[in-house]
Amino acid sequence: FAGLADVSISQDIPVEGEITVPVGSRSPDEDFSTLDEPVKDTIMRDLKAVGKKFVHVMYPKKSSALLRDWDLWGPLVLCVSLALMLQGGSADSKDDGGPQFAEVFVIIWFGAVVITLNSKLLGGTISFFQSLCVLGYCVLPLTVGMLVCRLVLLAGSGTISFIIRLIVVVAMFAWSTLASTAFLADSQPPNRKALVVYPIFLFYFVISWMILTFTPQ
Amino acid sequence: IASLVTCLFAEFDDAANLLAANPDATTISIEEPAEIPKNQHGRLQEPGREEDDELLGTDDSDKTELLAGQKKSAPFWTFDYYQTFFDVDTYQVLDRIKGSVFPVPGKNFVRLYIRSNPDLYGPFWICATLVFTIAVSGNLSNFLIHLGRPTYHYVPEFRKVSIAATAIYAYAWLVPLALWGFLLWRNSKVMNIVSYSFLEIVCVYGYSLFVYIPTAILWIIPQKVVRWVLMMFSLCLSGSVLVMTFWPAVRDDNRRIALATVGTVVLLHALLAVGCLAYFFDAPELDFPAPIIPAHNGTTVITKSQ
């Protein structure tokens with residue numbers, strides 16, 4: 001553009017041309033609007049995002065994908081399915097049965113909120129919903145464990161089935177805790193990591209206890 | 001500064017006059033105003049360091065409350081205000097727990113460990129852990145006790161979790177509230193009393209409950225004698241923490257009121273332990289005779305379970 005420095009346009013010469021620059025068949029507005037795409041595309045995009053996060057939880061590496069694009073669909077699906085699977089054990093008419101649907105739901109969500117508040121109050125830099133997202137997604141191993149336990153209970157409820165269930169639940173509990181710690185540990189102040197990890201440990205321990213003590217009627 | 005330090009160390013040597021000297025310290029500070037800014041300045045530079053153990057142990061409640069007031073200056077509707085209650089590191093929480101499990105006779109828990117930095121992390125999560133420990137241990141112990149009986153069907157007893165949560169959180173937060181109100185009222189009548197803020201009382205109660213967590217786990221052992229010995233032991237430990245904290249606060253008062261206050265504190269603590277043991281853990285070694293089975297020839301046979 002150095003040569004154009006010498007060019008000067010006198011005010012008598014009319015300048016004409018096109019102001020709008022053609023960018024092709026789609027205007028910039030249509031890139032951000034998803035109204036015109038087929039419904040299948042919309043649903044598949046969200047499902048793929050949820051599925052990708054499930055894979056991240058099952059093979060926990062320190063990736064930031066789970067944290068960056070948080071969503072609460074996965075935790076909702078996991079929480080509802082876990083609460084539904086824990087339902088069949090309270091057919092006892094007495095009050096001594098297992099947890100009801102509402103109790104499981106409240107424990108998971110209220111527990112996740114309290115842990116998030118705790119980590120933020122201790123000086124964590126993670127945002128509220130990102131932390132909820134991680135804690136909710138890391139319930140996935142325990143939900144898988146619950147499924148396995150129900151299948152084992154279909155076969156019988158003796159000592160051997162109890163030992164199998166115990167091993168499965170302990171393994172899934174360790175997996176959940178390690179996965180959530182892997183995602184959340186970096187955002188905590190360094191000399192308070194144990195203070196943040198312990199409530200997460202307690203949270204998954206309570207859920208594991210509910211899964212292990214599930215007895216079908 | 002050296003003379004100030006030696007003066008403070010001299011006060012620290014005489015632990016019996018330590019807290020009685022607090023009102024005197026107030027009058028001393030009026031007579032020697034030049035030393036106060038240095039004192040506070042030194043305090044502000046190193047808040048809550050372990051090396052200042054002796055110095056802050058001799059501090060009077062006025063200065064620690066002033067420091068506390070300077071720390072918590074954010075208005076109560078901001079998030080930062082509540083963050084000041086969680087300003088503890090891992091080693092501080094572990095130290096406080098250690099101090100509640102191994103109480104040193106003569107050392108005040110609040111003065112030694114809390115030192116104008118009360119936290120809500122310890123009380124809240126110790127109570128949560130205790131709730132779930134009691135519920136899980138109770139359930140496990142009942143399962144093991146009734147294991148051999150053919151008529152026993154295992155139930156998770158999930159309702160007991162909410163009962164345990166209500167009882168323990170009510171104890172750990174409402175009793176300190178009542179005690180704080182009571183101490184405030186007595187403080188308005190009798191001037192020479194060490195006063196604690198509400199959060200410091202909540203802190204002491206919360207950390208003193210920690211010793212019940214291993215006790216609840218050990219209560220799984222289905223022997224009555226073992227359970228009662230464990231309860232006495234843990235009651236002594238946590239009760240002594242409470243007594244050593246609150247005795248200096250009431251001993252300048254009327255003798256009977258002081259004894260009644262400390263006695264009530266210990267009694268409520270004991271009631272909590274006994275209530276938990278009685279409600280969540282079934283009595284072991286109880287031989288329930290099996291139901292009477294009518295035999296074929298008309299005579300009834302009573303079988304006893306082992």
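## A buried pair in chain B

Both B:Asp119 and B:Arg96 are buried. These two residues form a salt bridge, with 2.6 Å between the closest N and O atoms. B:Asp119 sits in the loop between helix H8 (109–114) and H9 of chain B, while B:Arg96 sits in helix H7 of chain B, so the bridge ties together parts that are 23 residues apart in sequence.

This is a predicted model. A search of the whole structure finds seven salt bridges over all chains. Two further bridges are described next.

## A bridge between the chains

Which residue of chain B forms a salt bridge with A:Arg192? The partner is B:Asp89, and the closest N and O atoms are 2.9 Å apart. This pair crosses between chains. On one side, A:Arg192 lies in the loop between helix H8 (159–184) and H9 of chain A. On the other, B:Asp89 lies in the loop between helix H6 (79–83) and helix H7 (90–101) of chain B.

The cut-off for buried is under 20%.

B:Asp119 and B:Arg96, to return to the opening pair, are joined by a salt bridge within chain B. A network is found as well: salt bridges that share partners join A:Arg192, B:Asp87 and B:Asp89.

## A bridge within chain A

Chain A has a salt bridge between the side chains of A:Lys53 and A:Asp71. The N to O distance is 2.6 Å. The pair links distant parts of the chain, 18 residues apart. A:Lys53 is in helix H2 (residues 39–58) of chain A. A:Asp71 is in the loop between helix H3 (65–68) and helix H4 (73–85) of chain A.

Both ends can be checked for burial. A:Lys53 has 5% relative accessibility, so it counts as buried. A:Asp71 has 12%, so it counts as buried too.

## Helix H9 of chain A meets helix H9 of chain B

Two packed helices are described by the angle between their axes and the distance between the axes. Take H9(A), residues 193–212, and H9(B), residues 121–145. Their axes come within 12 Å and cross at roughly 25 degrees. Angles under 35 degrees count as roughly parallel. H9(A) and H9(B) are therefore roughly parallel to each other. Their crossing is left-handed.

Which residues meet here? From H9(A) come A:Leu195, A:Tyr198, A:Pro199, A:Leu202, A:Phe205, A:Val206 and A:Trp209. From H9(B) come B:Tyr121, B:Trp125, B:Ala128, B:Thr129, B:Phe132, B:Val136, B:Asn139 and B:Leu140. By class, the residues of this contact divide into 13 nonpolar, two polar and no charged.

## Helix H5 of chain A meets helix H9 of chain B

H9(B) also has a crossing with H5(A). The axes of H5(A) and H9(B) come within 12 Å and cross at roughly 155 degrees. Angles over 145 degrees count as roughly antiparallel. H5(A) and H9(B) are therefore roughly antiparallel to each other. H5(A) passes H9(B) in a left-handed crossing.

A:Val114, A:Ile115 and A:Asn118 of H5(A) meet B:Tyr121, B:Phe124 and B:Trp125 of H9(B). This contact has five nonpolar residues, one polar and no charged. B:Tyr121 and B:Trp125 also take part in the contact with H9(A).

## Leaving aside neighbours within four places in sequence, A:Ser119 is in contact with A:Gly124, A:Ile126, A:Gln188 and A:Val196.

B:Thr245 is in helix H13 (residues 224–250) of chain B. At 0% relative accessibility, B:Thr245 counts as buried. What does B:Thr245 touch, not counting residues up to four places away in sequence? The list is B:Asn108, B:Phe109, B:Val110, B:Tyr196 and B:Val204.

## Chain B as a whole

Chain B has 14 helices and two strands. Of its 306 residues, 44% count as buried. Take the contacts in chain B with a separation of 6 or more: residues 24 or more positions apart account for 76% of them.

Conventions
Residues numbered from 1 in each chain as written. Chains lettered and ligands numbered in written order. Predicted model: local features only at pLDDT ≥ 70, side-chain atom pairs only at ≥ 80, totals over all residues. Heavy atoms only, no water. Axes fitted to C-alpha atoms, helices over the stretch in contact; angles between N-to-C directions. Helix = DSSP H or I, 4+ residues; strand = E, 2+ residues; numbered from the N terminus. Parallel < 35°, antiparallel > 145°, perpendicular 65-115°, else oblique. Left-handed = near helix turned anticlockwise from the far one by under 90°. Contact = heavy atoms within 4.5 Å. Nonpolar A, V, L, I, M, F, W, Y, C, P; charged D, E, K, R; others polar. Salt bridge = Lys/Arg side-chain N within 4 Å of Asp/Glu carboxyl O. Buried < 20%, exposed > 50% of the residue type's maximum accessible area, 1.4 Å probe, protein only.
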